[in-house]
Amino acid sequence: MDAVRLILASRRALAGSDGVSQTLKEVWQAQALAQAIGSRLAVNGPPELRGEALGLTELAGRGCGVLDEPRLAVGALRAAQLTELGDARQALLCLGALLGEAGMALVGIASAADDETTYWQCMESIDAADESRDRVLEMLRKLAAREAGGAERVAG
């Protein structure tokens, strides 16, 4: 399945999640998907994105690592369903939105957390989601600069 479809499925699942455990599961899924997309971009993406994509992979992996790994049914891991990136710009725009929504969901959980463990897991995952989103925004900036450079060469 292409990246945009998987991201949209993750956004719907996160928006429809009910309760702390389901929301944390969806945030973990979002981070795992960001890790998979970063990995794919690091290997097959435009050369100017590869460093940022590798950083995204590491940060999203950290985001997964601080949360308890959810028990998922066979085939339910969205990141494992990633078969193609499609349009890198569109995938990154959607991924940035997903990471922002994941961060906001974590803020809600952290503010209502009754125990310190959940609070600190959320805080560390918020940090990872925010830094991952920064990497996505930087890759979008580099894509825009590449496109602008190409347009200048054609016009010049």
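Which residues does leucine 67 touch, leaving out those up to four places away in sequence? I started my notes here, keeping in mind that this is a predicted model.

**Entry 1: leucine 67**

I listed the contacts and got Leu24, Val27, Trp28, Gln121 and Ser125. Then I looked up where leucine 67 sits, and found it in the loop between H3 and H4. Is leucine 67 buried or exposed? I get a relative accessibility of 5% for leucine 67, so I put it down as buried, the cut-off being under 20%.

**Entry 2: glutamine 121**

Gln121 turned up among the contacts of leucine 67, and I followed it up. Glutamine 121 belongs to helix H5. Its relative accessible area is 15%, so I noted glutamine 121 as buried. Again skipping residues up to four places away in sequence, I found that glutamine 121 touches Val66, Leu67 and Asp68. What joins the side chains of glutamine 121 and aspartate 68? I found a polar contact there, at 3.3 Å.

**Entry 3: tryptophan 120 and its patch**

I moved on to tryptophan 120, which also has its place in helix H5. At 46% relative accessibility, tryptophan 120 goes into my notes as partly exposed. Tryptophan 120 has a share in a nonpolar surface patch, made together with Tyr119 and Met123. I wrote down about 280 Å² for that patch.

**Entry 4: salt bridges, and the one at arginine 11**

How many salt bridges does a search of the whole structure find? My tally says 8. One of them pairs the side chains of arginine 11 and glutamate 101, with 2.6 Å from N to O. Where do the two ends lie? Arginine 11 is in helix H1 (residues 3-15) and glutamate 101 is in helix H4 (residues 88-112), so this pair ties together parts that are 90 residues apart in sequence. I checked both ends for accessibility. Arginine 11 is partly exposed at 26%, and glutamate 101 is partly exposed at 29%.

**Entry 5: glutamate 52 and its partners**

Next I looked at glutamate 52. The side chain of glutamate 52 meets that of arginine 135 in a salt bridge, 3.6 Å from N to O. Why does this pair tie together parts that are 83 residues apart in sequence? It does so because glutamate 52 lies in helix H3 (residues 50-66), while arginine 135 lies in helix H5 (residues 116-155).

Glutamate 52 forms a salt bridge with lysine 142 too, and I have 3.9 Å between the closest N and O atoms. Lysine 142 is in helix H5 and glutamate 52 in helix H3, so here the parts tied together are 90 residues apart in sequence.

Glutamate 52 is buried, at a relative accessible area of 17%. Arginine 135 counts as partly exposed at 29%, and lysine 142 counts as partly exposed at 24%.

Terms used:
Residues numbered from 1 in each chain as written. Predicted model: local features only at pLDDT ≥ 70, side-chain atom pairs only at ≥ 80, totals over all residues. Heavy atoms only, no water. Salt bridge = Lys/Arg side-chain N within 4 Å of Asp/Glu carboxyl O. Helix = DSSP H or I, 4+ residues; strand = E, 2+ residues; numbered from the N terminus. Buried < 20%, exposed > 50% of the residue type's maximum accessible area, 1.4 Å probe, protein only. Patch = residues over 30% accessible without salt bridge, like charges linked within 9 Å, V, L, I, M, F, W, Y side chains within 5 Å. Areas by Shrake-Rupley, 256 points an atom, 1.4 Å probe, with all protein chains shown as cover. Polar contact = N/O pair within 3.5 Å; in protein donor to acceptor, adjacent residues only side chain to side chain. Contact = heavy atoms within 4.5 Å.
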